[in-house]
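Trainee: Could we go through this one together, looking at how its pieces pack?

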Amino acid sequence: MNPYLFLAEQLTADGIDLEAVKAALKAQRIETPSWGYANSGTRFKTFPHPGAARSTREKLDDAAMVHKMTGIAPSVAVHIPWDKPEGDDYVAMRQYAESRGIVIGAVNPNVFQDEVYRLGSLGNPNGGTRELALDHLIECCDIMRKTGSRDLSLWFADGTNYAGQDDLRARKRRFEEGLRQTYAHLPADGRMLIEYKFFEPAFYSTDVPDWGVAYAFALKCGPQAQVLVDLGHHAPGVNIEQIVAFLLDEGRLGGFHFNNRKYADDDLIVGSVNPYELFLIFSELVSASDSADAITRSTAQNVAYMIDQSHNIEGKMLPMLVSVINCQEAYAKALLVNRVKLQAAQQAGDVLGAHEILNAAYKTDVRPLLAQVRTEMGTPADPIAAYRASGYEAKIARERGTAQNTGGYQS
Ligand code: PSV
Ligand code: MN
């Protein structure tokens, strides 16, 4: 029997509405990052990859190919100034993306690379430097208007390296002020997503170190400010799905940066080390998108799902495709949780019964279901095989050669 039909029969018998699951999978959207298509490295070495994008246009071409293969990655996050176009022509950038069948997604300001930011940006003790940072953030709000982006995605490298280096309360106040001012410049329907990171590059104190601080700042700014959860930015053992649940319930979960953190930060393929965690995160999102509470429901339905990865030794396009597919598989499994039975087991205090219901969905092989969904969408049933067979990898290597720059950090 066809594996999809076999699975469909089983799921339907278990009370799962298969048509609703397929519709949700077709509507799933994962944003890829422009910086994931260019060369990047560690602090020690960059191993350039043949064919890696050398310009923003090439990054958009590659993102368009990922979308063509998967059908669920139609937008690209940009990093300014890494993606600053010639003559600041952001309208042309938007048009180029659209001509490739994709759109510009989140705008990521960069207030961490210039010499002037040695002691920070919005938290800098120097008022002139804070002004410069603010000007750039406001410029990015204008870029959002030109590119049609909904989200301003904020991450700050700010912090201190030594006790006594700066006044911690004063830094907090400077941040609050800078964020409030930025908020005032958001486009009418725009959002500000505040990303946290518990360490690096500052190692003694970090100005936005965890979700609680990001949440507090978001509350102070207003309803269009929400928290961005980067999976790479937690200490080992932190229960990320619980943070997700809390922020969803508070209406303050704005988006994700997907990746996998084994040692530190954000450069491994999402779901590669801990697919169960990714499933549990998606499970919270699926559960919230069906919540009786209107705020929780609309928050879940408006989450921006973004990948934040820049691969160093595994190539560029294939790891991005695998990342999108891992998110798709985790979401598919989360959609298969029998929530009626789960709730009944929870109410009955059936600890392991509830755990088993969740795990039954996790253990389902969703690949036949996804192949069917992709076929119905008119995209390749096996995106990886289709990409390998497309000749794209050889074509870009031939046309672009091997760029020597760490292009993820330059346009
Ligand atoms: C910082 O580690 C981060 O997660 C932020 O989102 C940056 O914008 C991104 O990585 C790219 O370096
Ligand atoms: Mn990030």
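Trainee: Which hand does the crossing of α12 and α13 have, left or right?
Mentor: This is a predicted model, where local features need pLDDT of at least 70, side-chain atom pairs count only at pLDDT 80 or more, and totals for chains, interfaces and linings use all residues; side-chain values use heavy atoms, without hydrogens or water. Residues are numbered from 1 along each chain as its sequence is written, with chains lettered from A and ligands numbered from 1 in the order written. A crossing is left-handed if the near helix is turned anticlockwise from the far one by less than a right angle, and right-handed if clockwise. For α12 passing α13, the crossing is left-handed.

Trainee: How are the directions of α12 and α13 related?
Mentor: The axes of α12 (residues 339–347) and α13 (residues 351–362) come within 8 Å and cross at roughly 160°. Angles run from 0 to 180 degrees between N-to-C directions, along lines fitted to C-alpha atoms over the stretch in contact. Under 35 degrees counts as roughly parallel, over 145 as roughly antiparallel, 65 to 115 as roughly perpendicular and the rest as oblique. So α12 is, relative to α13, roughly antiparallel.

Trainee: And which residues of α13 make that contact?
Mentor: Contact here means heavy atoms within 4.5 Å. On the α12 side you have K341, L342, A345 and Q346. Facing them from α13 are G353, A354, I357 and L358.

Trainee: What about α3 and α11: how do they sit relative to each other?
Mentor: α3 (residues 56–70) and α11 (residues 317–335) pack with their axes 10 Å apart, at an angle of about 45°. That makes α3, relative to α11, oblique.

Trainee: Which residues of α11 touch α3?
Mentor: α3 brings D62, M65, V66, M69 and T70 to the contact. The α11 partners are M317, M320, L321 and V324.

Trainee: L321 again! How far is its C-alpha from that of I384?
Mentor: I384 lies in α15 (residues 383–390), and L318, L321, V322 and I325 are its contacts once neighbours within four places in sequence are left aside. I384 and L321 are 63 residues apart along the chain, yet their C-alpha atoms are separated by 6.9 Å.

Trainee: Is I384 buried or exposed?
Mentor: Buried means under 20% relative accessible area, exposed over 50%, and partly exposed in between, with a 1.4 Å probe and protein chains only. I384 has 19%, so it counts as buried.

Trainee: Last one: in β2, which residue is the bridge partner of T32?
Mentor: β1 (residues 32–33) and β2 pair in the parallel sense over 2 bridges; pairing takes at least two bridges found by DSSP. In β2 (residues 75–80), 6 of the 6 residues are buried, so the strand is largely enclosed by the rest of the structure. The partner of T32 there is V76.

Key
Helices (H or I, at least four residues) and strands (E, at least two) are DSSP runs, numbered from the N terminus.
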